[in-house]
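These are my notebook entries on a single protein chain. I record what I looked up, one topic at a time.

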Amino acid sequence: IAAYRELTGADEGLYLLSDHGFTGIKQEVYLNTWLKQEGYLDFSSAEPKDLNDLTSQSRAFVMDPNRLYLHQKDRFPRGCVSKEEKTELKIELREKLENLEYEGEKVVHTVWDTEKIYSGPQVSQGPDLIILSHHGFDMKGSIKKKEIFGRTNLQGMHTWDKAFFWANSDRGQDLHISHLADIILESYQ
C-alpha cells in the first residue's frame, strides 16, 4: 500500500482482494490412495500412468484436489456406478471421509454433494462430491502415491475462509463477492 500511495498520493482506486485464506500444511492427503485402500478404486496397472488406467471395478476417483467423481456408467468409459447406486454411494463416501483421521485429528471438515450446492445445466459435468479439509490438510489427486498421508516441499495451502476485500471507504462487514464489481466500478464513473 505504501508504494501505491507514493505513486498516487492517495488510496483512491486502490483495492486489495483475496478470494481465499492461507495456512501451513500439516499433511498432504492423497485421496486416490485412500479410495484404493478402501476398495473404491482399481487400476489395470500397478503403476498407473493416468486415469485412463481405471478398471471397470473402480467406483470413484479424484481428478482434481478436493473433487471426487463417481465412475458412472453413463458418464465415463468403463464406468460401473448406476444412477440407482449414485445417492447411496455418495452418502457412504461422505460418511467415511468425514471420519478420516490423522494421528487422532479429523482431516475432513465437510463433504458437499454438488447436486445440492450447485445449479445450472453443467452440474452433471462436474464432480459428484467436494471435500473440504480442516486447515493444514492439503487434499491431492495424485494416482502415484502409495500412502494416504505424506509431504512434499510445499509449505502452505489455500483455505476456504479468511477471504478479504479492502477499499478506501467503509463498506461494512456484510459484503458478498457479487458486490465487488459494482464497488470497484463506482470509482471509474
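Which residues do ring pairs link into a cluster? I found that ring pairs join Phe61, Tyr69 and Phe76 into a cluster.

**Entry 1: Basis of the notes**

I note that this is a predicted model, in which local features need pLDDT of at least 70, side-chain atom pairs count only at pLDDT 80 or more, and totals for chains, interfaces and linings use all residues. Residues are numbered from 1 along each chain as its sequence is written, and side-chain values use heavy atoms, with hydrogens and water left out.

**Entry 2: Aromatic pairs**

A pair of aromatic rings is described by the distance of the centres and the angle of the planes. I applied this rule: rings of Phe, Tyr and Trp (its six-membered ring) pair if their centres lie within 6.5 Å, and planes under 30 degrees apart count as stacked, over 60 as edge-to-face and the rest as tilted. The count by this rule is six aromatic pairs. One of them is Trp34 with Tyr40, a stacked pair at 6.3 Å centre to centre and 25 degrees between the planes. I then looked up burial, where buried means under 20% relative accessible area, exposed over 50%, and partly exposed in between (1.4 Å probe, protein chains only). Trp34 and Tyr40 are both buried.

The pair of Phe61 and Tyr69 is stacked because the ring centres are 5.6 Å apart and the planes stand at 10 degrees. Phe61 is buried at 2% relative accessibility, and Tyr69 is buried at 6%.

Strands of a sheet pair through backbone hydrogen bonds, either parallel or antiparallel. Helices (H or I, at least four residues) and strands (E, at least two) are DSSP runs, numbered from the N terminus; two strands pair if DSSP finds at least two bridges between them. I found an open sheet of three strands in the order E10-E3-E11, with mixed pairing. Strand E10 (137-140) and strand E11 (149-150) are the edge strands, each pairing on one side only.

How many bridges join E3 to E10? There are four, and these two strands run parallel. Within E10, Asp138 is the residue opposite Glu28. Strand E3 (residues 27-30) pairs with E11 in the antiparallel sense over two bridges. The bridge partner of Val29 in E11 is Phe149.

I also checked the side chains of E10. Phe137 and Met139 point one way, Asp138 and Lys140 point the other way, and all are buried.

**Entry 3: Positive phi angles**

Arg78 is not a glycine, yet I found a positive phi of about 65 degrees there. Arg78 lies in the loop between strand E5 (67-70) and helix H3 (83-98), and at 43% relative accessibility it counts as partly exposed.

Glu103, also not a glycine, has a positive phi of about 50 degrees. Its place is the loop between strand E6 (101-102) and strand E7 (105-106). Is Glu103 buried or exposed? It counts as exposed, at 71% relative accessibility.

**Entry 4: Salt bridges**

Side chains of opposite charge can pair when their charged atoms come close. A salt bridge is a side-chain nitrogen of Lys or Arg within 4 Å of a carboxyl oxygen of Asp or Glu. By this rule I count nine salt bridges.

Glu105 and Lys26 form one of them, at 2.6 Å from N to O. This pair links distant parts of the chain: Glu105 is in strand E7, Lys26 is in the loop between strand E2 (21-24) and E3, and they are 79 residues apart. Glu105 is partly exposed at 32% relative accessibility, as is Lys26 at 41%.

Glu47 forms a salt bridge with Lys146, with the closest N and O atoms 3.5 Å apart. Glu47 lies in the loop between helix H2 (31-37) and strand E4 (60-64) and Lys146 in the loop between E10 and E11, so this pair ties together parts that are 99 residues apart in sequence. Glu47 is exposed, with a relative accessible area of 53%, whereas Lys146 counts as partly exposed at 49%.
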